Amino acid sequence: MATINRNYLKLPGSYLFSTIGRKVKEYGEQNPEADIIRLGIGDVTRPLAPSIIQALHSAVEEMSKEESFKGYAPDLGYEFLRDIIAKKDYQERGCQIQADEIFVSDGAKSDCGNIQEIFGVENKIAVCDPVYPVYVDSNVMAGRTGEYDVASQRFHGVIYMPCTEENGFMPELPKEVPDLIYLCFPNNPTGAVMKKADLQRWVDYAREHKAVILYDSAYEAYISEEDVPHSIYECEGARECAIEFRSFSKTAGFTGLRLGYTVVPKDLLVEGVALHSLWARRHGTKFNGAPYIVQKAGEAVYSLAGRKEVEEQIAYYMGNAKIILEGLQAAGFEASGGKNAPYIWLKTPNCMTSWEFFDMLLEKANVVGTPGSGFGPHGEHYFRLTAFGSRENTIRAMERFKSL
Ligand code: PLP
(Lines give C-alpha, C1' and ligand atoms only; values in the text may rest on other atoms or scores of the structure.)
Protein backbone atom coordinates (compact mmCIF):
# COMPACT_ATOMS: atom_id res chain seq x y z
CA MET A 1 0.00 0.00 0.00
CA ALA A 2 1.35 3.35 -0.96
CA THR A 3 1.59 6.05 1.68
CA ILE A 4 2.19 9.74 1.34
CA ASN A 5 4.86 12.01 2.70
CA ARG A 6 2.80 13.25 5.64
CA ASN A 7 5.08 16.23 6.11
CA TYR A 8 3.25 17.84 3.20
CA LEU A 9 0.08 17.84 5.31
CA LYS A 10 1.77 20.13 7.83
CA LEU A 11 1.79 22.95 5.28
CA PRO A 12 -1.08 25.36 5.89
CA GLY A 13 -3.72 26.08 3.22
CA SER A 14 -3.50 28.21 0.22
CA TYR A 15 -0.39 29.73 -1.26
CA LEU A 16 -0.18 33.50 -0.79
CA PHE A 17 -0.16 34.40 -4.47
CA SER A 18 -3.06 32.13 -5.34
CA THR A 19 -5.18 33.86 -2.67
CA ILE A 20 -4.19 37.24 -4.11
CA GLY A 21 -4.94 35.99 -7.64
CA ARG A 22 -8.38 34.73 -6.60
CA LYS A 23 -9.30 37.99 -4.82
CA VAL A 24 -8.17 40.12 -7.77
CA LYS A 25 -10.04 37.88 -10.23
CA GLU A 26 -13.25 38.08 -8.19
CA TYR A 27 -12.95 41.84 -7.89
CA GLY A 28 -12.30 42.18 -11.62
CA GLU A 29 -15.36 40.06 -12.45
CA GLN A 30 -17.57 42.13 -10.15
CA ASN A 31 -16.10 45.42 -11.44
CA PRO A 32 -15.31 44.87 -15.11
CA GLU A 33 -14.62 48.59 -15.66
CA ALA A 34 -11.90 48.67 -12.94
CA ASP A 35 -8.43 49.56 -14.23
CA ILE A 36 -6.34 47.35 -11.92
CA ILE A 37 -2.62 48.08 -11.47
CA ARG A 38 -0.56 45.12 -10.26
CA LEU A 39 2.41 45.88 -8.02
CA GLY A 40 2.12 42.61 -6.12
CA ILE A 41 3.89 39.57 -7.51
CA GLY A 42 7.65 39.91 -8.00
CA ASP A 43 7.80 39.30 -11.74
CA VAL A 44 9.61 41.49 -14.22
CA THR A 45 7.81 43.26 -17.08
CA ARG A 46 10.56 44.61 -19.37
CA PRO A 47 11.34 42.47 -22.44
CA LEU A 48 14.70 40.72 -22.69
CA ALA A 49 17.62 42.97 -23.66
CA PRO A 50 18.71 42.97 -27.36
CA SER A 51 22.06 41.22 -26.69
CA ILE A 52 20.24 38.40 -24.92
CA ILE A 53 17.72 38.01 -27.74
CA GLN A 54 20.57 37.95 -30.24
CA ALA A 55 22.39 35.23 -28.27
CA LEU A 56 19.18 33.19 -28.11
CA HIS A 57 18.66 33.48 -31.88
CA SER A 58 22.18 32.41 -32.72
CA ALA A 59 22.04 29.51 -30.24
CA VAL A 60 18.77 28.34 -31.82
CA GLU A 61 20.50 28.56 -35.21
CA GLU A 62 23.33 26.35 -33.88
CA MET A 63 20.75 23.78 -32.82
CA SER A 64 19.53 23.57 -36.42
CA LYS A 65 22.85 22.31 -37.82
CA GLU A 66 24.35 18.89 -37.41
CA GLU A 67 27.85 20.23 -36.71
CA SER A 68 26.75 22.61 -33.94
CA PHE A 69 23.71 20.82 -32.50
CA LYS A 70 23.82 20.30 -28.70
CA GLY A 71 22.08 17.57 -26.77
CA TYR A 72 22.22 17.17 -23.00
CA ALA A 73 24.14 19.98 -21.38
CA PRO A 74 26.83 19.09 -18.81
CA ASP A 75 24.77 18.76 -15.65
CA LEU A 76 26.88 21.24 -13.69
CA GLY A 77 26.72 23.81 -16.51
CA TYR A 78 28.74 24.69 -19.64
CA GLU A 79 32.28 25.82 -18.94
CA PHE A 80 31.85 29.02 -20.97
CA LEU A 81 29.19 30.15 -18.50
CA ARG A 82 30.82 28.91 -15.29
CA ASP A 83 34.10 30.59 -16.30
CA ILE A 84 32.55 33.96 -16.95
CA ILE A 85 30.45 33.83 -13.77
CA ALA A 86 33.55 33.03 -11.68
CA LYS A 87 35.48 35.85 -13.30
CA LYS A 88 32.86 38.60 -13.44
CA ASP A 89 30.68 37.93 -10.42
CA TYR A 90 33.44 36.84 -8.05
CA GLN A 91 37.11 37.22 -8.98
CA GLU A 92 36.69 40.80 -10.25
CA ARG A 93 35.05 41.60 -6.91
CA GLY A 94 37.95 40.09 -4.99
CA CYS A 95 36.19 36.82 -4.10
CA GLN A 96 38.22 33.63 -4.52
CA ILE A 97 35.59 31.52 -6.23
CA GLN A 98 36.61 29.15 -9.03
CA ALA A 99 34.52 28.04 -12.02
CA ASP A 100 34.31 24.46 -10.71
CA GLU A 101 32.63 25.72 -7.53
CA ILE A 102 29.69 27.05 -9.57
CA PHE A 103 26.67 24.86 -10.31
CA VAL A 104 24.43 26.22 -13.07
CA SER A 105 20.72 25.53 -12.64
CA ASP A 106 17.27 26.52 -13.84
CA GLY A 107 16.90 29.20 -11.18
CA ALA A 108 17.41 30.04 -7.55
CA LYS A 109 14.02 28.78 -6.38
CA SER A 110 14.83 25.15 -7.13
CA ASP A 111 18.30 25.44 -5.61
CA CYS A 112 17.05 27.20 -2.45
CA GLY A 113 14.38 24.52 -2.12
CA ASN A 114 16.62 21.54 -2.92
CA ILE A 115 19.78 22.43 -1.01
CA GLN A 116 18.34 21.11 2.26
CA GLU A 117 18.53 17.56 0.84
CA ILE A 118 22.27 17.37 1.46
CA PHE A 119 21.84 18.05 5.19
CA GLY A 120 20.69 15.68 7.92
CA VAL A 121 17.02 15.71 8.84
CA GLU A 122 17.99 16.54 12.45
CA ASN A 123 19.47 19.91 11.47
CA LYS A 124 17.68 22.91 12.93
CA ILE A 125 17.03 25.81 10.59
CA ALA A 126 16.90 29.54 11.34
CA VAL A 127 14.97 31.90 9.10
CA CYS A 128 14.08 35.57 9.10
CA ASP A 129 10.49 36.55 9.86
CA PRO A 130 9.16 37.80 7.41
CA VAL A 131 10.75 35.39 4.94
CA TYR A 132 10.70 34.14 1.33
CA PRO A 133 8.48 31.07 1.99
CA VAL A 134 10.53 28.51 0.00
CA TYR A 135 13.19 28.13 2.72
CA VAL A 136 10.69 27.06 5.36
CA ASP A 137 8.30 25.04 3.19
CA SER A 138 11.06 22.91 1.63
CA ASN A 139 12.30 22.00 5.10
CA VAL A 140 8.77 21.20 6.24
CA MET A 141 8.36 18.82 3.28
CA ALA A 142 11.63 17.13 4.24
CA GLY A 143 10.49 16.57 7.83
CA ARG A 144 12.96 18.98 9.37
CA THR A 145 10.26 20.81 11.39
CA GLY A 146 7.42 20.04 13.75
CA GLU A 147 3.75 20.83 13.20
CA TYR A 148 2.37 24.23 12.21
CA ASP A 149 0.94 26.21 15.09
CA VAL A 150 -2.05 28.21 13.89
CA ALA A 151 -2.01 30.64 16.83
CA SER A 152 1.61 31.73 16.39
CA GLN A 153 1.60 31.05 12.61
CA ARG A 154 4.89 29.24 13.04
CA PHE A 155 6.27 25.75 12.70
CA HIS A 156 7.57 24.06 15.81
CA GLY A 157 11.28 23.31 15.68
CA VAL A 158 12.21 26.32 13.53
CA ILE A 159 14.20 29.27 14.85
CA TYR A 160 12.51 32.46 13.65
CA MET A 161 14.52 35.67 13.65
CA PRO A 162 12.15 38.65 13.78
CA CYS A 163 12.97 41.51 11.41
CA THR A 164 11.12 44.51 12.74
CA GLU A 165 11.08 48.27 12.60
CA GLU A 166 12.97 48.28 15.94
CA ASN A 167 15.93 46.31 14.58
CA GLY A 168 15.86 48.00 11.18
CA PHE A 169 14.52 44.76 9.61
CA MET A 170 17.85 43.07 10.39
CA PRO A 171 17.88 39.65 12.06
CA GLU A 172 19.79 39.34 15.32
CA LEU A 173 22.21 36.48 15.98
CA PRO A 174 19.96 33.78 17.46
CA LYS A 175 20.48 32.74 21.07
CA GLU A 176 19.44 29.18 20.31
CA VAL A 177 22.15 28.02 17.91
CA PRO A 178 20.88 26.76 14.54
CA ASP A 179 22.65 24.34 12.19
CA LEU A 180 21.46 25.97 8.96
CA ILE A 181 20.91 29.70 8.64
CA TYR A 182 18.96 31.12 5.70
CA LEU A 183 19.80 34.74 4.90
CA CYS A 184 18.57 36.76 1.94
CA PHE A 185 20.05 40.18 1.16
CA PRO A 186 18.94 42.42 -0.47
CA ASN A 187 15.86 41.12 1.25
CA ASN A 188 12.61 39.92 -0.16
CA PRO A 189 10.14 41.17 1.12
CA THR A 190 11.53 44.08 3.19
CA GLY A 191 14.10 45.45 0.73
CA ALA A 192 16.60 45.75 3.61
CA VAL A 193 20.32 45.18 3.06
CA MET A 194 23.09 44.04 5.35
CA LYS A 195 26.32 46.01 5.54
CA LYS A 196 29.58 44.13 5.18
CA ALA A 197 30.59 44.39 8.85
CA ASP A 198 27.20 42.98 9.90
CA LEU A 199 27.41 40.09 7.46
CA GLN A 200 30.93 39.38 8.72
CA ARG A 201 29.44 38.90 12.21
CA TRP A 202 27.15 36.20 10.78
CA VAL A 203 30.06 34.48 9.06
CA ASP A 204 32.06 34.53 12.31
CA TYR A 205 29.05 33.22 14.23
CA ALA A 206 28.50 30.39 11.74
CA ARG A 207 32.15 29.36 11.87
CA GLU A 208 32.19 29.48 15.67
CA HIS A 209 29.13 27.21 15.88
CA LYS A 210 29.89 25.01 12.84
CA ALA A 211 26.66 26.18 11.22
CA VAL A 212 26.17 26.67 7.47
CA ILE A 213 24.79 29.91 6.01
CA LEU A 214 22.55 29.52 2.97
CA TYR A 215 22.86 32.95 1.40
CA ASP A 216 20.32 34.03 -1.20
CA SER A 217 21.59 37.02 -3.18
CA ALA A 218 19.01 36.88 -5.98
CA TYR A 219 18.71 40.70 -5.83
CA GLU A 220 22.42 41.51 -5.71
CA ALA A 221 22.27 43.47 -8.98
CA TYR A 222 20.00 46.06 -7.33
CA ILE A 223 22.59 47.14 -4.75
CA SER A 224 23.45 50.81 -5.19
CA GLU A 225 25.28 51.64 -1.96
CA GLU A 226 29.01 51.20 -1.46
CA ASP A 227 29.45 49.23 1.75
CA VAL A 228 26.81 46.61 0.95
CA PRO A 229 28.36 43.27 -0.05
CA HIS A 230 27.20 41.72 -3.33
CA SER A 231 28.38 38.30 -2.24
CA ILE A 232 28.88 36.64 1.13
CA TYR A 233 32.34 35.63 -0.11
CA GLU A 234 33.40 39.24 0.34
CA CYS A 235 33.52 38.29 4.04
CA GLU A 236 36.55 36.61 5.48
CA GLY A 237 36.07 32.91 6.18
CA ALA A 238 32.82 32.61 4.19
CA ARG A 239 34.34 29.92 1.94
CA GLU A 240 34.31 27.65 4.99
CA CYS A 241 30.72 28.21 6.06
CA ALA A 242 28.50 29.54 3.25
CA ILE A 243 26.63 28.48 0.13
CA GLU A 244 25.37 31.25 -2.15
CA PHE A 245 22.40 31.30 -4.55
CA ARG A 246 22.14 33.63 -7.52
CA SER A 247 19.50 34.11 -10.17
CA PHE A 248 19.33 35.62 -13.65
CA SER A 249 15.61 36.30 -13.10
CA LYS A 250 15.70 39.77 -11.62
CA THR A 251 19.20 40.58 -12.81
CA ALA A 252 18.41 40.15 -16.50
CA GLY A 253 14.70 39.38 -16.86
CA PHE A 254 15.05 35.56 -17.06
CA THR A 255 11.93 34.74 -15.00
CA GLY A 256 10.50 32.98 -18.05
CA LEU A 257 13.78 31.70 -19.53
CA ARG A 258 14.99 30.16 -16.22
CA LEU A 259 18.64 30.33 -15.21
CA GLY A 260 20.48 30.57 -11.91
CA TYR A 261 23.45 29.15 -10.11
CA THR A 262 24.68 28.02 -6.72
CA VAL A 263 28.19 28.41 -5.35
CA VAL A 264 29.51 25.67 -3.08
CA PRO A 265 33.15 26.35 -2.17
CA LYS A 266 35.39 23.30 -1.88
CA ASP A 267 36.57 24.43 1.59
CA LEU A 268 33.08 23.98 3.01
CA LEU A 269 33.22 20.79 5.09
CA VAL A 270 30.55 19.38 7.37
CA GLU A 271 31.52 16.39 9.51
CA GLY A 272 34.68 16.27 7.39
CA VAL A 273 32.69 15.84 4.15
CA ALA A 274 32.87 18.42 1.34
CA LEU A 275 29.38 19.76 0.65
CA HIS A 276 30.65 20.43 -2.88
CA SER A 277 30.80 16.69 -3.57
CA LEU A 278 27.35 16.08 -2.10
CA TRP A 279 25.74 18.88 -4.15
CA ALA A 280 27.56 17.67 -7.28
CA ARG A 281 26.15 14.20 -6.63
CA ARG A 282 22.66 15.55 -6.06
CA HIS A 283 22.78 17.83 -9.10
CA GLY A 284 24.15 15.04 -11.32
CA THR A 285 21.49 12.59 -10.19
CA LYS A 286 18.40 14.78 -10.25
CA PHE A 287 19.11 17.53 -12.77
CA ASN A 288 19.98 17.21 -16.45
CA GLY A 289 21.37 20.67 -17.08
CA ALA A 290 19.96 24.07 -18.04
CA PRO A 291 19.24 24.39 -21.78
CA TYR A 292 22.18 25.32 -24.03
CA ILE A 293 20.31 28.23 -25.59
CA VAL A 294 19.50 29.64 -22.15
CA GLN A 295 23.09 29.29 -20.98
CA LYS A 296 24.22 31.13 -24.14
CA ALA A 297 21.70 33.86 -23.26
CA GLY A 298 23.20 33.91 -19.75
CA GLU A 299 26.68 34.34 -21.20
CA ALA A 300 25.45 37.37 -23.17
CA VAL A 301 24.52 39.10 -19.89
CA TYR A 302 28.27 39.42 -19.21
CA SER A 303 29.18 40.90 -22.60
CA LEU A 304 29.93 44.62 -22.70
CA ALA A 305 26.70 45.44 -24.51
CA GLY A 306 24.65 42.94 -22.50
CA ARG A 307 25.89 44.31 -19.18
CA LYS A 308 25.02 47.86 -20.25
CA GLU A 309 21.54 46.85 -21.37
CA VAL A 310 20.66 44.96 -18.19
CA GLU A 311 22.03 47.81 -16.09
CA GLU A 312 19.61 50.12 -17.93
CA GLN A 313 16.73 47.77 -17.10
CA ILE A 314 17.70 47.67 -13.44
CA ALA A 315 17.96 51.48 -13.44
CA TYR A 316 14.45 51.60 -14.92
CA TYR A 317 13.05 49.43 -12.11
CA MET A 318 14.98 51.35 -9.50
CA GLY A 319 13.53 54.56 -10.95
CA ASN A 320 10.14 53.03 -10.21
CA ALA A 321 11.29 52.12 -6.70
CA LYS A 322 12.24 55.75 -6.06
CA ILE A 323 8.85 56.96 -7.32
CA ILE A 324 7.09 54.48 -5.03
CA LEU A 325 9.20 55.26 -1.96
CA GLU A 326 8.94 59.02 -2.37
CA GLY A 327 5.28 58.82 -3.39
CA LEU A 328 4.40 56.82 -0.29
CA GLN A 329 6.32 59.12 2.00
CA ALA A 330 4.65 62.17 0.43
CA ALA A 331 1.26 60.50 0.96
CA GLY A 332 2.11 60.11 4.67
CA PHE A 333 3.01 56.42 4.75
CA GLU A 334 5.96 54.94 6.61
CA ALA A 335 7.99 53.02 4.06
CA SER A 336 11.47 51.56 3.66
CA GLY A 337 13.49 49.47 1.19
CA GLY A 338 13.57 50.48 -2.47
CA LYS A 339 17.17 51.76 -2.40
CA ASN A 340 19.13 48.55 -2.93
CA ALA A 341 16.21 46.31 -3.79
CA PRO A 342 13.13 46.37 -6.04
CA TYR A 343 10.83 45.99 -3.00
CA ILE A 344 9.22 48.67 -0.88
CA TRP A 345 7.95 47.69 2.56
CA LEU A 346 5.25 49.94 3.91
CA LYS A 347 3.50 50.07 7.23
CA THR A 348 -0.26 49.85 6.98
CA PRO A 349 -2.06 52.94 8.30
CA ASN A 350 -4.22 52.94 11.44
CA CYS A 351 -3.05 49.49 12.53
CA MET A 352 -4.96 47.85 9.68
CA THR A 353 -4.07 44.21 9.14
CA SER A 354 -2.15 43.46 5.96
CA TRP A 355 -5.21 41.81 4.38
CA GLU A 356 -7.54 44.67 5.42
CA PHE A 357 -5.16 47.05 3.69
CA PHE A 358 -4.99 44.75 0.64
CA ASP A 359 -8.80 44.82 0.32
CA MET A 360 -9.02 48.56 0.89
CA LEU A 361 -6.29 49.28 -1.68
CA LEU A 362 -7.91 47.01 -4.25
CA GLU A 363 -11.35 48.53 -3.76
CA LYS A 364 -10.46 52.21 -3.38
CA ALA A 365 -7.39 52.50 -5.62
CA ASN A 366 -7.58 49.37 -7.79
CA VAL A 367 -3.94 48.71 -6.89
CA VAL A 368 -2.68 45.21 -6.00
CA GLY A 369 0.19 44.63 -3.58
CA THR A 370 1.25 41.78 -1.32
CA PRO A 371 0.10 41.53 2.32
CA GLY A 372 3.15 41.36 4.58
CA SER A 373 1.54 38.74 6.83
CA GLY A 374 1.89 36.28 3.94
CA PHE A 375 5.64 36.27 4.59
CA GLY A 376 5.37 35.51 8.32
CA PRO A 377 3.75 36.85 11.50
CA HIS A 378 6.18 39.78 11.78
CA GLY A 379 5.03 40.86 8.33
CA GLU A 380 1.61 41.63 9.82
CA HIS A 381 0.69 45.34 9.52
CA TYR A 382 3.07 45.63 6.57
CA PHE A 383 2.59 45.54 2.84
CA ARG A 384 5.00 44.91 -0.06
CA LEU A 385 4.99 46.84 -3.31
CA THR A 386 7.29 45.94 -6.19
CA ALA A 387 9.13 48.18 -8.62
CA PHE A 388 8.66 45.73 -11.51
CA GLY A 389 5.66 47.48 -13.08
CA SER A 390 5.79 49.86 -16.02
CA ARG A 391 6.81 53.46 -15.30
CA GLU A 392 3.38 54.69 -16.34
CA ASN A 393 1.53 52.30 -14.03
CA THR A 394 3.90 53.05 -11.16
CA ILE A 395 3.21 56.78 -11.45
CA ARG A 396 -0.53 56.19 -11.74
CA ALA A 397 -0.51 53.90 -8.71
CA MET A 398 1.22 56.56 -6.62
CA GLU A 399 -1.33 59.18 -7.66
CA ARG A 400 -4.03 56.85 -6.42
CA PHE A 401 -2.20 56.34 -3.10
CA LYS A 402 -2.19 60.11 -2.59
CA SER A 403 -5.96 60.29 -2.93
CA LEU A 404 -6.70 57.35 -0.62
N1 PLP B 1 15.10 33.97 -4.00
C2 PLP B 1 14.34 35.03 -3.72
C3 PLP B 1 14.58 35.77 -2.48
C4 PLP B 1 13.30 35.41 -4.59
O5 PLP B 1 12.55 36.46 -4.28
C6 PLP B 1 13.09 34.68 -5.77
C7 PLP B 1 12.01 35.02 -6.71
O8 PLP B 1 11.11 35.75 -6.48
C9 PLP B 1 13.90 33.57 -6.02
C10 PLP B 1 14.89 33.25 -5.12
C11 PLP B 1 13.65 32.71 -7.20
O12 PLP B 1 14.40 33.05 -8.28
P13 PLP B 1 14.34 32.22 -9.63
O14 PLP B 1 13.41 32.92 -10.55
O15 PLP B 1 15.76 32.22 -10.12
O16 PLP B 1 13.88 30.83 -9.33
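By class, the residues that line the second largest pocket of this predicted model divide into 14 nonpolar, six polar and six charged ones. The volume of this second largest pocket comes to about 540 Å³, and of the 26 residues in its lining, Gly42, Lys109, Tyr132, Tyr219 and Lys250 are the closest to its centre. Helix H4 (108-114), helix H5 and helix H7 (249-252) each contribute at least two residues to the lining of the second largest pocket, and H4, with three residues, provides the largest share.

The largest pocket, for its part, has a volume of about 640 Å³ and a lining of 22 residues, among which Pro12, Ser14, Asp137, Tyr148 and Gly374 lie nearest its centre. In the lining of the largest pocket, 13 residues are nonpolar, seven are polar and two are charged. At least two residues of that lining come from H1 and at least two from helix H5 (134-141); H5 also supplies at least two residues of the lining of the second largest pocket.

From the pockets the reader may turn to the charged side chains. Side chains of opposite charge can pair when their charged atoms come close. In this model the count comes to 26 salt bridges. One of the pairs is local to a helix: Lys25 and Glu29 form a salt bridge with an N to O distance of 3.2 Å, and both residues lie in helix H1 (residues 16-30), where they are four residues apart, about one turn of the helix. Lys25 and Glu29 are both exposed.

What does the salt bridge between Asp35 and Arg400 tie together? In this pair the closest N and O atoms are 3.1 Å apart. Asp35 lies in the loop between H1 and strand E1 (37-38), whereas Arg400 lies in helix H12 (residues 391-402), so the pair ties together parts that are 365 residues apart in sequence. Asp35 is partly exposed, with a relative accessible area of 37%, while Arg400, with a relative accessible area of 18%, is buried, because buried means under 20%.

A further salt bridge joins the side chains of Glu61 and Lys65, with an N to O distance of 4.0 Å. Glu61 counts as partly exposed at 43% relative accessibility, and Lys65, at 36% relative accessibility, counts as partly exposed as well. Finally, salt bridges also link Asp89, Glu220, Glu244 and Arg246 in a network.

Conventions
Residues numbered from 1 in each chain as written. Predicted model: local features only at pLDDT ≥ 70, side-chain atom pairs only at ≥ 80, totals over all residues. Heavy atoms only, no water. Buried < 20%, exposed > 50% of the residue type's maximum accessible area, 1.4 Å probe, protein only. 1 Å grid on protein atoms, 1.4 Å probe; cavity = no way out; pocket = protein on both sides within 12 Å on 5 of 7 lines; lining within 4 Å. Points joined across faces, edges and corners; volume = space filled by probe spheres on them. Nonpolar A, V, L, I, M, F, W, Y, C, P; charged D, E, K, R; others polar.
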